[in-house]
Amino acid sequence: MILGPGEWAVVGLSLKVALTATVLSLPFGLLTAYVLARYRFPGHGALNVLVHLPLVLPPVVTGYLLLLTFGANAPAGRVLEAIGLPLAFRWTGAALAAAIMAFPLMVRAMRLAIEAVPPALEEAAGTLGASRLRVAATVTVPLAFPGILAGTILALAKALGEFGATITFVSNIPGETRTIPTAIYAALQVPGQEPAAFRLILVSVAISAFALVASEILARRAKVAA
Amino acid sequence: MTGRVEIGRSVAGFTLDFAADLAPGVTAIFGPSGAGKTTVLRAVAGLTRPDRGRIVVGGETLFDADAGIDRPVAKRRVGYVFQEPRLFPHLSVARNLRYGARGGGTDGVVDLLGLGSLLDRRPATLSGGEAQRVALGRALLSDPRILLMDEPLSALDLARKREIYPWLDRLRAEARIPILYVSHDIDEVARLADRMILMDAGRVAAEGPVAAILSRAGTAAATRAIAGGLLTAEIAGHDVADGLTEARIGDQRLWLPGRVGEAGERVQIRLDARDVTLALDRPERISALNVLPVTVTAIDTGPEAGALVRLDHQGQGLTARLTRRSVAALALAPGQRVYAIVKTMSATPARVAEIGASGRER
């Protein structure tokens with residue numbers, strides 16, 4: 001398939017944004033999933049709601065809230081600008097929007113996988129002298145690995161496809177925040193650009209299919225190893 | 001004394017009130033389901049938090065409600081063998097064994113429990129008995145100060161249990177630490193334990209050497225089923241033609257079914273109080289081979305039709321369970337000399353505990 005240089009830039013930026021979002025949210029997602037699965041505390045329900053909010057809020061609302069929080073005139077935005085990490089209308093902001101929108105899917109899959117690990121095994125590990133951290137690292141996470149992987153892939157796919165919050169928070173700036181979905185949207189607004197849109201649609205389908213197949217294979221391998 | 005457990009815990013409709021000293025050797029915690037046996041083990045391990053009391057093992061206080069001490073599970077150095085093996089399915093047997101290993105190699109325990117041929121296997125490929133042996137080895141390798149075993153054989157059939165007994169005997173002979181062994185199988189207790197703690201409805205109903213508890217077991221529903229006796233005898237020889245084993249208590253001869261142990265070894269014979277019959281005169285021309293002269297020491301009459309007649313045979317206690325009508329008809333009274341008749345086949349092999357010549361003295 002022949003992509004123009006502009007389209008390659010869009011694909012490259014999309015991958016950069018989605019991978020950044022996924023990799024950086026992975027530790028937080030895992031921690032949140034573990035805490036939700038294994039601990040009961042006041043605020044457990046509130047945390048659960050907060051994590052899942054982006055799943056049910058209109059994406060444009062999430063994007064606008066991000067703009068209110070991290071925009072150039074907001075205090076948080078000014079602090080980040082000062083330390084050299086501006087978010088509004090930057091690709092970093094696109095990554096944050098994608099991460100937040102993908103977070104519920106990631107946490108949900110990981111939490112279900114962790115809940116499926118028998119607490120009896122964790123108890124046994126504890127009596128063998130393993131600290132909670134070691135139990136999590138050597139028993140819980142390895143046994144939940146297929147689900148953790150599935151959550152990661154799901155988050156990556158969601159991050160690649162994120163549109164509403166992204167375009168609201170960081171707009172649609174070629175070379176900076178124009179990801180595959182916003183590029184497709186832009187192309188469809190201009191008469192005669194349908195072929196370009198169609199090429200990006202094919203890329204998007206190919207990446208998604210590849211991600212799903214890859215996760216399936218990895219999960220199967222993990223299962224065989226276990 | 002290597003420790004003491006003295007704990008209380010109240011949850012909806014159930015109160016646990018347990019106190020016992022910990023001694024080296026195997027102490028069975030016996031009782032019906034729901035008596036609180038597992039809760040005691042979990043409290044010692046730190047998996048369940050008691051409301052009150054203290055737990056001291058090997059000189060270290062693991063829990064003290066008043067002093068606010070509650071050592072985390074991982075720091076307690078308890079070996080816990082659960083009802084199910086709980087092996088880590090994603091690790092090989094060797095890595096399961098090394099998971100909690102402290103210092104030294106694993107060779108000693110691998111030899112002790114015969115695990116050498118299993119090391120490269122995955123837990124999913126082990127039989128129930130093998131998996132439980134690996135779980136025991138894994139617990140031992142963490143160099144525990146106390147070993148907690150929660151009905152580790154209850155999921156196994158009789159054949160698999162018999163397969164594991166010899167390994168547990170070796171462990172008992174070598175272990176220098178207290179072993180708390182929860183069970184609701186009295187044969188298993190007679191087979192494995194030195195002492196027993198009888199629990200009922202969250203309380204300690206009786207505590208002491210197994211033989212003493214069995215011969216004294218009370219009239220309460222929870223303990224009636226275990227009343228009987230645990231007689232220690234010495235094997236004198238075998239009658240191969242009839243398939244019997246001859247044992248002696250002093251000059252008194254006892255026949256046991258099957259071939260058990262070797263001449264000169266000590267054997268323990270568990271008797272069920274319901275299998276013991278009493279006669280005022282030495283009976284002649286009866287099928288039962290074992291007739292023991294005994295002295296009546298006490299008669300416990302329960303609220304129902306039954307009565308427990310406590311007996312003494314050369315210093316060893318046993319109990320016969322008769323109807324109150326029979327007790328009246330024979331006019332039994334403490335101090336009376338009578339004959340206890342025990343069918344040989346009542347001492348079934350599961351009720352025979354072999355003790356090596358070098359075995360422990362009770």
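**Close-up views of a two-chain predicted model**

Chain B averages a pLDDT of 87, and 93% of its residues score at least 70; pLDDT is the predictor's own confidence in each residue, on a scale from 0 to 100. The model is predicted, so to speak of local features we need a pLDDT of at least 70, and side-chain atom pairs count only at pLDDT 80 or more, while totals for chains, interfaces and linings use all residues. Residues are numbered from 1 along each chain as its sequence is written, chains are lettered from A and ligands numbered from 1 in the order in which they are written, and side-chain values use heavy atoms, with hydrogens and water left out.

**View 1. Chain A is built from ten helices and zero strands.** Going from the N terminus, the elements read α-α-α-α-α-α-α-α-α-α. Helices (H or I, at least four residues) and strands (E, at least two) are DSSP runs, numbered from the N terminus. Taken along the principal axes, the C-alpha atoms fill a box of roughly 65 × 45 × 30 Å. Of the contacts in chain A with a separation of 6 or more, 73% are between residues 24 or more positions apart.

View 2. For the model, the scores are ipTM 0.84 and pTM 0.84.

**View 3. B:T344 is a buried residue in a loop.** The loop in question runs between β20 (337–342) and β21 (352–355) of chain B. B:T344 counts as buried because its relative accessibility is 7% (buried means under 20% relative accessible area, exposed over 50%, and partly exposed in between, using a 1.4 Å probe and protein chains only). Its side chain makes a polar contact with the side chain of B:N290, at 3.4 Å. A polar contact is a pair of N or O atoms within 3.5 Å; within protein, one must be able to donate a hydrogen and the other to accept it, and residues adjacent in sequence count only if both atoms are side-chain atoms. Leaving aside neighbours within four places in sequence, the contacts of B:T344 include B:L244, B:W255 and B:P257.

**View 4. B:A201 has a positive phi of about 50°, although it is not a glycine.** Most residues other than glycine have a negative phi. You'll find B:A201 in the loop between β10 (195–200) and β11 (203–209) of chain B. With a relative accessible area of 52%, B:A201 is exposed. Setting aside neighbours within four places in sequence, B:A201 is in contact with B:F14, B:T15 and B:A35. How far apart are the C-alpha atoms of B:A201 and B:T323? They are separated by 27 Å, and the two residues sit 122 residues apart along the chain.

**View 5. B:R77 has a positive phi of about 55° and is not a glycine either.** B:R77 sits in the loop between β6 (69–70) and β7 (78–81) of chain B. At 24% relative accessibility, B:R77 counts as partly exposed.

Note on methods
Contact means heavy atoms within 4.5 Å.
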